[in-house]
Amino acid sequence: MTDLRRLTAFMDVTGALSKLHQDAAEYRTRVERDPRTRAVFERAVRDGDEALRLLREFEARGWNAEPTATDRVGPDVAQILLGLYERESTNGLTTGWGREETDRHWAAADAYLCLAAPAEQVRHLSFRASVELDQGRAHRALRLADRAESIGLPPRTGRVEDFAQGDPRAVRASALRLLYDPETALRVLEPVRRELEEVFAAAGGVPGPADVWELLAEIQKAAEGDDFADVVARAGRIHGLQTASAVYERVLDTRAAALRDVGRLEEAEETYHDLLPYYEAQGLPEIGYLQLAVVAGERGAAAQAERYLDLAAPLFEPGRTGGAGVVASGGGGVPGESGALEEAGVSGEAGASAEGDASGERTGSGDAGGEEAPDGCVSEAGGDPVTSLRANVRLTRGVIYCRLRAEGARTEGRLAAALEWCDRGDVCLAVRPDHAAAVGLYAERARAQRELGDIGAATAACRTAVEELDLLLSVPLGHRFDTLHLRFRLPMLREALTVARRAGDADLAARVTDLVKARSFAARLSLTRLPDTATDSPDTPVPLPASATDLSGTATSLPASATGLLASATPVPAHAPHLPAPDDRRRAFDRLTERISRSEDTGDVAGARTLRAERAALLTRMRAVDSRWQLITEHPGFDARRLTAFLRTVGPRRVALSLYEEDGAVLAVLATPDGLRLESRKLSASTHAALEHHAATVGTEATDFWARSGLTLADLVPEAFADAVAGADTCLLSPHGRLHHLPWTLVRHRARHLVRGTALGIVPNLASIPLLGDAPRGQVRRVALIGVTERTVGGRRVPQFPVLGRAIDMLADGLGPERLHAPPVVGTSATAAVLRRLLRTPTTLQTFSAPSTPSVLYLAAHAGAAPGAPFGGLVQMADADVTTGEVLLGRLPFTEVVLPACSTAYRPSRDSSGGHGALAGIEGLPADALDLAGDEATSLVHAFHEAGAAFVLASPFTVHDTPAVRFSLFWFQHRLSGAGPLEATRRAAVSMLDQGKYRPEHWAGITAYGAR
């Protein structure tokens, strides 16, 4: 009887699988004729779920202990359903899905991914990465490529079968190139290209479309002869060749675009020629001509570029043959020319690419629209459906074609025609939004309007271009990608800034300068300010054992004095929604940290240096694919109304000042509760020399720049702006470049320290002010005291901060047990494990939010700057160093942090390692130095901001121990008396000046970072 039940259950499983096969076949048949097949798709998913349910019941009875045909049911169901999800995603994107619908779709598919065979998982993830690339979300594609590459597959054998599931490396290279890193993309591509060409050489050459059709014909003959084994073998060969050929096509496409990006135009043109047969077979040769038009334009061959555009015209202009006449709208064509390639002045064949962009813009289709656009953008004479490949490419590349036509018309002086082409591009964007393409189109519109003398229209076009550009990097991707993105866009931003100056448009100037000043940092800050989702009080202590687990996962005995501090950490409610769990890279980061400590303890300096470089590269990669960025749903860009409303809310005498230094002048934007003002101040030769000297010596000495140079605020900004700052009770200052390292606390105006009447707070940019200002106000309720009064170096105890122990005792007595977070941790008890444990608050939405009441972490320890290593700055704890990178990966349950030490706000301007190897995924890849563009937020201050602190007291350069500690004591005195963090800093500085006990240059660097 048992055997009968087992057989019946087995037949139920296989029957459900058979039904799923039938559903899938019906779906694939119908979807080719009608994309509206959602009901069939949903039925197939239900049948797949039923097959899996029956399989689970079969296994639960133990009937799979003996060999059965059920072993492949789970993987087969997963493979079929994943394929259907892929096809349905294509339908959805064509018919108007947005990002949220797409994300829900893939989240449902993920339920089956774990059941699939490893090779199928790689194939599916590579497919999804390609979709993200097509949608212009390269950062997501990079994450998916990372997931695919982390799946263990057998070593490559040098055969076509190695590429049967695609190759994530090709997708990674495409993503890197779209993220403005063509150099690394080329490095990733080279081994893939070499392997493919070796495989094709063994198979008799690179297969083109004709080769595939020939093999299909051979299969047909074999099938007619009933030679089933031969049919299967040849079908497998064709599948392998097709997949490998598709990978090779992507490799060539990405390589051509990357070569163009790095200026190797002849090689790019040659590669585009190699691609033409692939796209001619798909009926898309016009895309190749579009690509070649860009290359010709970059070579300065304007006439040849126009002829290429004429050859591309049949795809983008209905009813027009290549090169035939002028477009009805009046723009861009070459009258009377035929469409032959030779007549374009080009020898050989032209290459084409449907995936790569054709403009120098990094483009994707954005959120697809399903409706047709007016003539000239979507519909085609003869009416091919919107779902066709040509119509889809016309949607995604139409705006690029229009921009290139507009540029050609403008350079010929036909400004009206140029604007008409821009109008046509707008139509394309309305159908298929694309931020990257929109940036180029509106920048071109602004140029045409400027040449027409319409500065108002040019300003409006620039504002739209800047807004679209801001949306392109709404999530941070690490200092490398952010720098490369800014480098690529800087020429356009400078054009917009020129227009803003000429028009006197403060709003546009503020938007532009914000983009070059730690723009993505505002996005990271938004994560720390997500609304609370739990009702539990964040101040309720949760006890932790005295033996805690350190970052490496090994048991580490914490000092008894540290146990109370850790026991009071902000709890995580059990019902708070959790973020994605830390992945293997975070654990690898922790292991490297532990290995570095061991190497330093044993005196292995070279080994520690190598490990630090490896950890820095790993951090670069982690930042680029951090899953936390998925939580950013509200765009945190600059909003003038939001900023002025914030200034009105916190007080009528509060202002914000943004500085941007360029071309020997400082452009200043002053924000008041009434609005924005824009003015510029030319720097004198003496001012420039003083700034140069300070930048060259920063970090080497304690100094009062203002007293030594004799300069005042009015030497950097217009005098009216300096007067406005002096008349305010608080100024939130956003410096730029070398201005960051000035001792702003002691800045002077009209022979008087501004701090005597105005509290100064440094912010990364204007967009971050409301985020940093969104912190609890009122009395400080909790204070944690950590002081490194001595360190263990080489087995010896070395005294640190001679006055610190007494200062912490004074603070503890003044605070009293009711406001102490825990007993103070000082001396050799102030270990790295103590700080790391505080930073290891579990990652839930609740802990991203600031605590409900003001709380302060007082961390008194020597710090170290790392000029060539972003995120390499460190805090020297009693037994080991804690780096900036460790801090920014953590979560801290304090709203304010006081760091009375040297160089805690120092910003490296160069990355000596570059991080290439981490981004490429290639072991041993040579490191290239990278000069950081903009104002990357890479100091300890910004790490603590990102870890959750709204206010940090720190110094960008050297200060002396005793006055720094004395300053912090004054700060606590005023803070505990009810002053806000910025006002407490102002009063502490005035107390230091009035007391006159310490020379100002010995503590001048102490600066307030925050907006409250």
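A: A residue counts as buried under 20% relative accessible area, as exposed over 50%, and as partly exposed in between (1.4 Å probe, protein chains only). The model is predicted, so local features need pLDDT of at least 70 and side-chain atom pairs count only at pLDDT 80 or more, whereas totals for chains, interfaces and linings use all residues. Residues are numbered from 1 along each chain as its sequence is written, and side-chain values use heavy atoms, with hydrogens and water left out.

Q: Is Phe 801 buried or exposed?

A: Phe 801 is buried, because its relative accessibility is 2%. Its place is the loop between strand E10 (796-799) and helix H29 (804-815); helices (H or I, at least four residues) and strands (E, at least two) are DSSP runs, numbered from the N terminus.

Q: What is the phi of Phe 801?

A: Most residues other than glycine have a negative phi. Phe 801, although not a glycine, has a positive phi of about 45 degrees. Arg 750 likewise has a positive phi, near 55 degrees, and is not a glycine.

Q: Where is Arg 750, and is this residue buried or exposed?

A: Arg 750 lies in the loop between strand E6 (730-734) and strand E7 (759-762). Because its relative accessible area is 53%, Arg 750 counts as exposed.

Q: Is Arg 791 buried or exposed?

A: Arg 791 has a relative accessible area of 12% and is therefore buried. Its place is strand E9 (residues 790-793).

Q: Which residue is joined to Arg 791 by a side-chain polar contact?

A: A polar contact is a pair of N or O atoms within 3.5 Å; within protein, one must be able to donate a hydrogen and the other to accept it, and residues adjacent in sequence count only if both atoms are side-chain atoms. The side chain of Arg 791 makes such a contact, of 3.1 Å, with that of Asp 881. Beyond its neighbours within four places in sequence, Arg 791 is in contact (heavy atoms within 4.5 Å) with residues including Arg 796, Val 798, Gln 876, Met 877 and Asp 881.

Q: How do the axes of helix H11 and helix H12 cross?

A: Two packed helices are described by the angle between their axes and the distance between the axes. The axes of H11 (residues 265-281) and H12 (residues 285-298) come within 9 Å and cross at roughly 170 degrees. H11 and H12 are therefore roughly antiparallel to each other. On the H11 side the contact includes Leu 265, Tyr 272 and Leu 276, and on the H12 side Pro 285, Leu 292 and Val 295 are among the residues. The residues of this contact divide into 7 nonpolar, 1 polar and 3 charged.

Q: Is Gly 288 buried or exposed?

A: Gly 288, which is found in helix H12, is buried because its relative accessibility is 0%. Gly 288 and Ala 312 are 24 residues apart in sequence, and their C-alpha atoms are 8.0 Å apart in space.

Q: Which residues is Gly 885 in contact with, leaving aside its neighbours within four places in sequence?

A: The residues are Phe 589, Leu 619 and Phe 871. Gly 885 is found in helix H32 (residues 884-888) and, with a relative accessible area of 2%, is buried. From C-alpha to C-alpha, Gly 885 and Ser 939 are 9.3 Å apart, and in sequence they are 54 residues apart.

Q: How many helices and strands does the protein chain have?

A: The protein chain has 36 helices and 20 strands. Of its 1012 residues, 60% are buried.

Definitions and conventions: Axes are lines fitted to C-alpha atoms, for helices over the stretch in contact, and angles run from 0 to 180 degrees between N-to-C directions. Angles under 35 degrees count as roughly parallel, over 145 as roughly antiparallel, 65 to 115 as roughly perpendicular and the rest as oblique. Ala, Val, Leu, Ile, Met, Phe, Trp, Tyr, Cys and Pro count as nonpolar, Asp, Glu, Lys and Arg as charged, and the others, Gly among them, as polar.
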